[in-house]
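Hello,

Here is the structure we talked about passing on. Please open it next to this email. My notes on it follow below.

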Amino acid sequence: MKENNPLNTSWRKTASTIYKKPVDSKIFGSVEIDITDLEKYIAEKRKSGVKITLTHFFMVATARAIKEIPELNTYVKRGNIYSHEAINATVSVLLQSGEMGSVKIHDADKITLSNSVEKLRNELNKTYKGDENATMQMKEKLAAIPWPLRGWVYQTIRYITTTLGISIPPLGLSANNFGSFILSNIGSIGLDIGYPALMPSANIAFVLILGGVSKKPWVVNDEIVPRNILMLGAALDHRVIDASHGGRLFKQLKRFVNNPELLETIDS
């Protein structure tokens, strides 16, 4: 019998299968960043025809930051810590159906801020046409499996790919499907800040959240002035990194916010 409950979307049924009680080791952190000058920089770029957004900026900035903090580019396999071969970013997107999906940007540290616009647009167009990446396509396949078989199938796939690190080519799955990190801009859907979940099958070191932008009184050169402030949030996998690495990440992101032109060239 087909279910008619609109709450039982493919993603909700998949999420109820893969997420359990929060027993895994996580670290949550947040920081406020003054992006007043960055927004002016983005506005100038958009006037010149380069349609950059905060999502583009922080995708590239985070990838560049990881180059300086290699511990953030790691994952667990068979009880050991390994480094990803490249810095790939998974960006959460809101699909036309209203559900969340994702796109994967390969070698995100090797593209410029301007080039990121075309890169992300091309992947978004594939997703909007129904050509999601293999990982996100799995939610449809999992949702079609009756409960409780759905949970057994997921746990088996997770054990093979995430724990053992063995790829399943027919399903397009491996231990590194989500790349090095996940970026989600929840500010674009009206939330000021959020503390993300570390998806059990993602096998990434951290998830970065872009919150809302609000005007706040801020101290600049010992004077209180109105500034546009962005809240960043992160969830870190304590198995592979510590809070100190999160602090170093935020420090690097602040450096790029204050010097966005650094992202317009590629280091050799």
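**What I found**

V225 has a relative accessibility of 25%, so it counts as partly exposed. Please keep in mind that this is a predicted model. V225 is in strand 8. Leaving out residues up to four places away in sequence, V225 touches K216, P217, W218 and V220. K215 is 10 residues from V225 in sequence, and their C-alpha atoms are 9.9 Å apart.

Compare that with L173. Its relative accessibility is 8%, so L173 counts as buried. L173 lies in the loop between helix 6 (149-163) and strand 6. M138 is 35 residues away from L173 along the chain, with 9.0 Å between the two C-alpha atoms.

**The chain overall**

The chain has 268 residues, and 47% of them are buried. Its secondary structure comes to 7 helices and 8 strands. Take the contacts with a separation of 6 or more: 68% of them join residues 24 or more positions apart.

As background, strands of a sheet pair through backbone hydrogen bonds, either parallel or antiparallel. Strand 4 (residues 89-94) pairs with strand 5 in the antiparallel sense, over 6 bridges. S92 has S102 of strand 5 as its bridge partner. T90 has K104 of strand 5 as its bridge partner.

Helix 3 spans residues 54-68, which makes 15 residues. From first C-alpha to last, helix 3 reaches 21 Å, close to the 21 Å expected at 1.5 Å a residue. Is helix 3 mostly covered or mostly open? It is mostly covered, with 13 of its 15 residues buried.

The largest nonpolar core has 50 residues. Which of them touch the most other members? F57, F58, F206 and L232 do. Helix 3 gives this core its largest share, 9 residues.

F206 is worth a click. Leave aside its neighbours within four places in sequence. F206 is then in contact with T62, I66, L72, F181, I182, L198, A235, L236, I241 and L249.

**Aromatic pairs**

How many aromatic pairs are there? The count comes to 4. In general, a pair of aromatic rings is described by the distance of the centres and the angle of the planes. Here are two of the pairs.

Start with F57 and F58. Their ring centres are 5.1 Å apart and their planes stand at 85 degrees, so this pair is edge-to-face. The cut-off for that label is over 60 degrees. F57 and F58 are both buried.

Next come F181 and F206. Why does this pair count as stacked? The ring centres are 5.5 Å apart and the planes are at 0 degrees, so the pair is stacked. That label needs planes under 30 degrees apart. This pair links distant parts of the chain. F181 is in strand 6 and F206 is in strand 7, 25 residues apart. Both F181 and F206 are buried.

Best wishes

Conventions. Residues numbered from 1 in each chain as written. Predicted model: local features only at pLDDT ≥ 70, side-chain atom pairs only at ≥ 80, totals over all residues. Heavy atoms only, no water. Helix = DSSP H or I, 4+ residues; strand = E, 2+ residues; numbered from the N terminus. Expected span 1.5 Å × (residues − 1). Buried < 20%, exposed > 50% of the residue type's maximum accessible area, 1.4 Å probe, protein only. Core = buried A, V, L, I, M, F, W, Y, C linked by side-chain atoms within 4.5 Å. Contact = heavy atoms within 4.5 Å. Pairing = 2+ DSSP bridges. Phe/Tyr/Trp six-rings, centres within 6.5 Å; stacked < 30°, edge-to-face > 60°.
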